[in-house]
Amino acid sequence: MPSINLVENYENIKQRICGACKRAGRAESEVTLIAVSKTKPISMLEDLYNHGVRHFGENKVQELSEKMDALANDTHWHMIGHLQRNKVKYIANSVSYIHSVESVRLAETISKEAVKHQRTIPILIEINAAGEESKFGIRPEETEAFIREISGLPGIKICGLMTVAPFVEDPEDNRTVFRQMKQLSVDIEAKNINNVSMRELSMGMTNDFEIAVEEGATFVRVGSAIFGERDYSI
Ligand SMILES: *Cc1c(COP(=O)(O)O)cnc(C)c1O
């Protein structure tokens with residue numbers, strides 16, 4: 001028996017996204033809520049699936065593969081965590097988006113695996129927006145050059161940017177970060193680089209997703225507010 005009401009939590013987040021869209025004059029349909037299910041059992045994902053949820057986010061390849069196998073194949077899987085090149089092959093056939101591309105070598109590997117599977121994998125470029133030492137990601141000022149370098153690779157389609165904003169007590173403190181991300185994506189879109197679209201902006205988590213939506217997020221990645229706190233000790 002789950003002690004939390006997953007569906008209620010999910011609907012509550014949807015409502016709050018809706019509110020943020022209204023405040024920003026955006027259509028709710030512009031924002032996709034990704035249920036970040038890492039560490040959570042398949043039964044919980046199934047409960048949400050039965051409620052109509054089709055977008056799940058995971059940060060580990062093995063866990064992602066197991067969950068992919070367990071759920072129906074109309075589910076969209078988002079790889080949101082740091083991705084090792086030797087593991088790309090396990091998800092290349094079925095992942096919907098890889099949000100965490102932050103090196104040329106990783107992009108090349110994804111390209112190679114995608115070509116093997118005769119598909120195009122949509123990818124997002126992970127940006128270290130606040131320049132934190134501890135975080136993965138391309139620095140904002142290097143983003144355009146990075147994108148130009150990988151944009152010609154076959155089998156990938158660059159669809160936008162992703163960031164993990166700093167942990168802050170007051171989510172308002174991340175508004176500037178989100179605004180800079182939006183501006184960066186607008187600037188890059190304006191360059192009209194072949195094979196590059198800046199349609200998607202993946203930002204906002206449990207703590208700050210409403211601010212992210214107000215500033216232009218199209219994917220929000222929410223875990224604990226839906227599934228409850230994660231327990232890494234088990
Ligand atoms: C875990 C995780 C999330 C979700 O975090 P919550 O604060 O639980 O909503 C979002 N994005 C990434 C990249 C994550 O690793």
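So, K38 first: a polar atom in its side chain sits 2.6 Å from an oxygen atom of the ligand, a polar contact, meaning a pair of N or O atoms within 3.5 Å. T206 does something along those lines, with a side-chain N or O atom 2.5 Å from a ligand oxygen, and for S224 the polar side-chain atom is 2.7 Å from a ligand oxygen. On its own the ligand has 390 Å² of accessible area, and the protein covers 88% of that (Shrake-Rupley method, 1.4 Å probe).

Quick caveat: this is a predicted model, where local features need pLDDT of at least 70 and side-chain atom pairs need 80 or more, while totals for chains, interfaces and linings use all residues. Numbering runs from 1 along each chain, and side-chain values use heavy atoms, without hydrogens or water.

What kinds of residues make up the shell around the ligand? Six are nonpolar, three polar and three charged, counting Asp, Glu, Lys and Arg as charged, and Gly among the polar ones. V36, I80 and R230 are among the residues there.

Now, aromatic pairs, with ring centres within 6.5 Å: there are two. In one, Y97 and F219 have centres 5.0 Å apart and planes at 70°, so we call that edge-to-face (over 60 degrees; under 30 is stacked, the rest tilted). Y97 is in strand β4 and F219 in strand β8, so the pair ties together parts 122 residues apart in sequence (strands are DSSP E runs of at least two residues).

Note on methods:
Near = heavy atom within 4 Å. Polar contact = N/O pair within 3.5 Å; in protein donor to acceptor, adjacent residues only side chain to side chain. Phe/Tyr/Trp six-rings, centres within 6.5 Å; stacked < 30°, edge-to-face > 60°. Helix = DSSP H or I, 4+ residues; strand = E, 2+ residues; numbered from the N terminus.
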